Amino acid sequence: MDAKTPKESLTILTDLVLPGETNYLDNLFGGELLARMDRACSIAARRHSRRIVVTASVNHVAFNKSVPVGSVVTVEAKVSRAFNSSMEIYVDVWIEDRQSRHRTKVNEGIYTFVAVDETGKPVQIPQLEPETDLEKERFEGALRRKQLSLVLAGKLKPNEATALKALFN
């Protein structure tokens with residue numbers, strides 16, 4: 001199975017924030033944004049694995065800025081690291097100024113997806129070869145995040161978390 005690059009999974013969803021999707025302050029509901037992010041990540045994971053994929057976890061979401069009604073929202077997702085059957089997907093959310101078309105990053109998240117067969121059994125996926133500096137940074141961070149998650153879940157002994165230990169040596 002040949003390795004793939006992050007750009008092969010790049011998924012860009014652009015949409016408008018409508019009044020029915022907003023809270024009392026006329027900002028996009030957080031849950032609505034999470035759903036958009038999950039859809040983009042799902043497509044990115046499927047592009048990488050070419051398999052059925054399921055959301056395993058939402059590892060991190062940062063609601064840094066509100067997204068007002070009428071905003072053009074762009075959700076960009078791509079695989080940041082592939083493991084055996086799971087993939088970490090990094091997602092960035094941008095809004096665009098209507099006049100200048102200047103883009104501002106407003107949110108980001110990290111999702112984990114697992115590729116499965118038709119019976120729901122995890123299947124092996126291609127590895128990932130990052131190309132850009134940002135892709136390499138996210139790739140390296142993904143192993144630390146996975147190991148931390150496994151340690152906290154009691155599935156990995158702390159002394160076996162080599163990527164985490166390297167941070168403190």
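1. Just after helix 1, Arg50 takes a positive phi of about 60°. The model is a predicted one, and this residue is a reasonable place to start reading it. Arg50 is not a glycine, yet its phi is positive. Its place is in the loop between helix 1 (30-49) and strand 2 (52-63). Is Arg50 buried or exposed? Arg50 has a relative accessible area of 60%, so it counts as exposed, the cut-off being over 50%.

2. Arg101 lies in the loop that runs between strand 4 (86-96) and strand 5 (103-116). With a relative accessible area of 61%, Arg101 is exposed.

3. Helix 1 comes next. Helix 1 has 20 residues, and the distance from its first C-alpha to its last is 28 Å, close to the 28 Å expected at 1.5 Å a residue. Its buried residues are Leu33, Arg36, Met37, Ala40, Cys41, Ala44, Ala45, His48 and Ser49.

4. In soluble globular proteins, nonpolar side chains tend to be buried together. Here the largest nonpolar core has 28 residues, and Met87, Ile89 and Phe113 touch the most other members. Helix 1, strand 3, strand 4 and strand 5 are the elements that give two or more residues to this core. Which element gives the largest share of this core? Helix 1 does, with six residues.

5. Helix 2 has 20 residues and reaches 29 Å from its first C-alpha to its last, close to the expected 28 Å. In helix 2 the buried residues are Glu135, Arg138, Phe139, Gly141, Ala142 and Gln147. They pack against strand 3 (72-82), strand 4, strand 5 and helix 3 (162-168). Just after helix 2, Gly154 has a positive phi of about 75°.

6. The largest pocket holds about 360 Å³ of space. Its lining is made of 14 residues, and those nearest its centre are Ser57, Asn59, Thr112, Lys146 and Ser149. Which element gives the most to the lining of the largest pocket? Helix 2 does, with five residues. By class, the lining has five nonpolar, five polar and four charged residues.

7. The largest cavity has a volume of about 50 Å³. Its lining is Pro6, Lys78, Val79, Ser80, Leu134, Glu135 and Arg138. Strand 3 and helix 2 are the elements that give two or more residues to this lining. By class, the lining of the largest cavity has three nonpolar, one polar and three charged residues. Glu135 and Arg138, both in this lining, are also among the buried residues of helix 2.

Methods. Residues are numbered from 1 along each chain as its sequence is written. This is a predicted model: local features need pLDDT of at least 70, side-chain atom pairs count only at pLDDT 80 or more; totals for chains, interfaces and linings use all residues. Side-chain values use heavy atoms; hydrogens and water are left out. Helices (H or I, at least four residues) and strands (E, at least two) are DSSP runs, numbered from the N terminus. Buried means under 20% relative accessible area, exposed over 50%, partly exposed in between (1.4 Å probe, protein chains only). On a 1 Å grid over the protein atoms alone, a cavity is a set of points where a 1.4 Å probe fits but cannot get out, and a pocket is an open set with protein on both sides within 12 Å along at least five of seven lines; lining residues have an atom within 4 Å of a point. Grid points are joined across faces, edges and corners, and a volume is the space filled by probe spheres set on the points. Ala, Val, Leu, Ile, Met, Phe, Trp, Tyr, Cys and Pro count as nonpolar, Asp, Glu, Lys and Arg as charged, and the others, Gly among them, as polar. The expected span of a helix is 1.5 Å times one less than its number of residues. Contact means heavy atoms within 4.5 Å. A nonpolar core is a set of buried Ala, Val, Leu, Ile, Met, Phe, Trp, Tyr and Cys residues joined through side-chain atoms within 4.5 Å.
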